[in-house]
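Please look through the sequence and the predicted model below before reading the notes that follow.

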Amino acid sequence: MLMIKVRSVILACLLTGSAFSLSAADLNILQYGAVGDGKTLNTQAIQATIDAVSKSGGGKVIFPAGEFLSGTIVLKDNVTLQLQKDAVLLGSTNVEDYKNMDPFADGLGIDVGWALLVAVDAKHIGITGEGAINGQGAALKAQQILTDNRPESQRWGRRPFLLRIVRCDDVRVTGVTLNYAAAWTSHYFQSRNVHIEGVKIVSHGVAHNDGIDIDGCQQVRIKDCDIVSGDDALCFKTTSSTMACRDIVVSGMKLKSNQGAIKMGTESMAAFENIDISNCYIYDTKNGGIKLLTVDGAHLRNVTISDVTMVNVRTPMLFRLGSRLSVFRKGKDTQQPTGTMENVVVRNVKAQAAADAQLMPPSGILITGVPGHYITGLTLENIQIDLAGGGTVEHARQVVPEAIDKYPEVKTFGPTIPAYGIWARHVQGLKLKHITFRLAANDQRPAFVCEDGKDVELNDWTLPETAGAVAVIRLDKVEGALIGNVQAKGAARGDR
C-alpha cells in the first residue's frame with residue numbers, strides 16, 4: 001500500500017507538472033492565419049493569437065519576419081509580443097480600423113485615445129525583440145483628409161497613437177523600434193511597474209508625434225532609449241487628478257525633438273514627485289531642452305535632473321507655475337486650484353543654445369510663477385550655457401506678459417526676455433550656484449533679472465565681458481538677496 005501511495009503521489013506530481021507546462025504557450029501569428037505581405041489586414045488573426053496565449057495562461061505572441069498590417073489589437077494578461085528581426089507590425093492607413101478604449105482630451109482640448117496597440121487593465125505584459133511597429137502616420141493622414149473636412153487642429157485627434165498602456169501593472173517594453181506614429185508614439189496611463197529600455201523611436205512627419213508619454217504612472221524605469229520625435233521626446237503628464245507621476249527613474253537618454261526634449265506638465269492635474277532624470281544627451285531640439293511646468297493644479301516637487309548635455313537647443317530651460325486649470329477627462333474630473341512647484345534641483349548641465357530661437361535674441365533660462373503663487377525652492381547648480389548674444393538696452397527693459405491662464409510654452413513669454421542668461425519672476429528660495437554664461441556676441445541685457453522674488457541666492461558666477469549694458473544683475477521688487485563671487489568683465493552704462 002505504501003509503495004502504491006508513493007507512486008500515486010509521484011504520478012500526480014508528474015501529471016500536475018505536465019498540466020502546468022501546457023498552461024503557457026508561445027504561438028506564432030502565422031498559426032492563426034496572419035499574412036506578412038504588408039497588404040492583408042491581419043487584425044483578427046493577431047487578436048486571435050493574443051487571446052489564445054492569454055487564455056492558455058500566458059506566453060509569447062511571435063511576429064516572424066514580414067510586414068503585418070493591422071488595426072487596433074488589444075494586449076491581454078501575461079502576454080508578451082515578440083517582434084523578431086525584420087518583423088513589422090504595420091498600422092492600417094484607414095482610421096476606421098482603430099478603436100478608442102479609453103477616451104480623453106489632450107492639453108489643447110482635442111478628443112484623443114485611438115491606438116494601434118493597446119492594453120487596458122492588464123498585468124504582466126511586454127513588447128520586445130529586434131522588430132518594429134510602424135504607424136504609417138503620413139500615409140494615414142493623407143487618406144484621412146480625403147473624407148474628413150474638419151480643420152487639422154480638430155482632425156488630428158482622430159488619428160491613432162502607436163502604443164497605449166492603460167491602467168496596467170508589470171509592463172516591459174524593451175529593444176523594439178517604434179516608427180512614424182499618426183499621433184503620440186507611446187502613451188502610458190496610470191500604470192505601475194513599467195520598465196522601458198533600449199527602445200528606438202523615430203516618429204515625425206505629422207503633428208503631435210510625442211515619443212514617450214508617462215501619464216500618471218508609478219514605479220517607472222526608463223533607460224538607454226534613443227528618441228527622434230516631431231513633438232515632445234520624453235514627456236510626463238497627468239491628464240487625471242486621481243494618480244500622480246511618482247517614483248520614476250530615467251537615465252541614458254538620447255533625445256532630439258521638434259518641440260521639447262524633457263517636458264513635464266503640459267497636462268498637469270495630479271502630482272509629479274520623486275522623479276530622477278540623469279545622463280541625457282539632447283540635440284537639435286527646437287522648443288526647449290528641459291521644461292518643467294504645472295498649470296492645471298498639480299504639485300510638482302522633489303524632482304532632480306542632472307548630468308545633461310545639450311547641443312543646438314532653442315531655450316535650454318523653462319520652469320512655469322501657471323493657472324490654466326484645464327480638465328481633460330470630462331465628467332470624471334473637476335477644475336482644481338493653482339498648484340505648486342517646489343524642491344526642484346537641476347545640476348551639471350552644459351548647453352549650447354541655438355542662435356535661431358523662439359525668442360530673439362536668445363535667452364538661456366526662463367523661470368516664472370504667477371502673482372501670489374511662487375516657484376519655491378528651485379536650485380540650479382553647475383550650469384554652463386553658450387548663447388548667441390545680440391541683446392540691446394531696449395531689450396533689457398522688455399515687459400514679459402504674465403499669461404496666467406495660457407498654454408505653457410516658451411513663445412508665450414515672447415517676443416523678447418530682458419535677461420540673456422536667467423530671467424526669474426514670482427520666485428522664493430531660488431538658488432543659483434556655479435553658473436557660467438558665454439556669449440558669441442555682445443549682449444546689453446543683464447545676465448540675470450529677477451522680478452518679484454524672495455530669498456534669492458547667487459553664488460560663484462562667471463560672466464562674459466560685455467559693453468554698454470545697463471546692468472549685469474537687476475533685482476526688481478526682491479526681498480532678501482545674497483550675491484557672492486560673481487565674476488564679470490566690462491562696464492555698465494549707468495545712465496538708466
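A salt bridge is a side-chain nitrogen of Lys or Arg within 4 Å of a carboxyl oxygen of Asp or Glu. This is a predicted model, in which local features need pLDDT of at least 70 and side-chain atom pairs count only at pLDDT 80 or more, while totals for chains, interfaces and linings use all residues. Residues are numbered from 1 along each chain as its sequence is written, and side-chain values use heavy atoms, with hydrogens and water left out.

**Confidence**

- The chain has a mean pLDDT (the predictor's confidence in each residue, from 0 to 100) of 94, and 94% of its residues reach 70 or more.
- Over residues 1–23 the pLDDT stays under 50, and for this stretch the model has four contacts (heavy atoms within 4.5 Å) beyond four places in sequence.
- Where pLDDT is low, the predicted coordinates should not be read in detail.

**Salt bridges**

- The structure holds 23 salt bridges, and in one of them K76 pairs with D51, the closest N and O atoms being 2.9 Å apart.
- K76 lies in the loop between β5 (73–74) and β6 (79–83) and D51 in helix α2 (residues 43–55), so this pair ties together parts that are 25 residues apart in sequence; here helices (H or I, at least four residues) and strands (E, at least two) are DSSP runs, numbered from the N terminus.
- K76, with a relative accessible area of 31%, is partly exposed, and D51, at 30%, is partly exposed as well; buried means under 20% relative accessible area, exposed over 50%, and partly exposed in between, with a 1.4 Å probe and protein chains only.
- E152 and R155 form a salt bridge at 2.9 Å, N to O, and both lie in helix α4 (residues 152–155), three residues apart, which is about one turn of the helix.
- E381 and R347 meet in a salt bridge at 4.0 Å, N to O.
- Because E381 lies in strand β31 (residues 375–387) and R347 in strand β29 (residues 340–353), the pair ties together parts that are 34 residues apart in sequence.

**A buried residue in a helix**

- Q144 is found in helix α3 (residues 137–144), and its relative accessibility of 3% is why Q144 counts as buried.
- Apart from neighbours within four places in sequence, Q144 is in contact with V95, R155, R158 and R159.
- R155, at 12% relative accessibility, also counts as buried, whereas its salt-bridge partner E152 is partly exposed at 23%.

**Pocket and cavities**

- On a 1 Å grid over the protein atoms alone, a cavity is a set of points where a 1.4 Å probe fits but cannot get out, and a pocket is an open set with protein on both sides within 12 Å along at least five of seven lines; lining residues have an atom within 4 Å of a point.
- Of the 17 residues lining the largest pocket, L108, H208, D231, D232 and Y407 are the closest to its centre.
- Strand β24 (residues 262–268) gives the largest share of this pocket's lining, three residues.
- There are two cavities of 30 Å³ or more, and the largest cavity holds about 60 Å³ of space.
- Residues that line the largest cavity include Y420, R445 and P446.

Conventions: Grid points are joined across faces, edges and corners, and a volume is the space filled by probe spheres set on the points.
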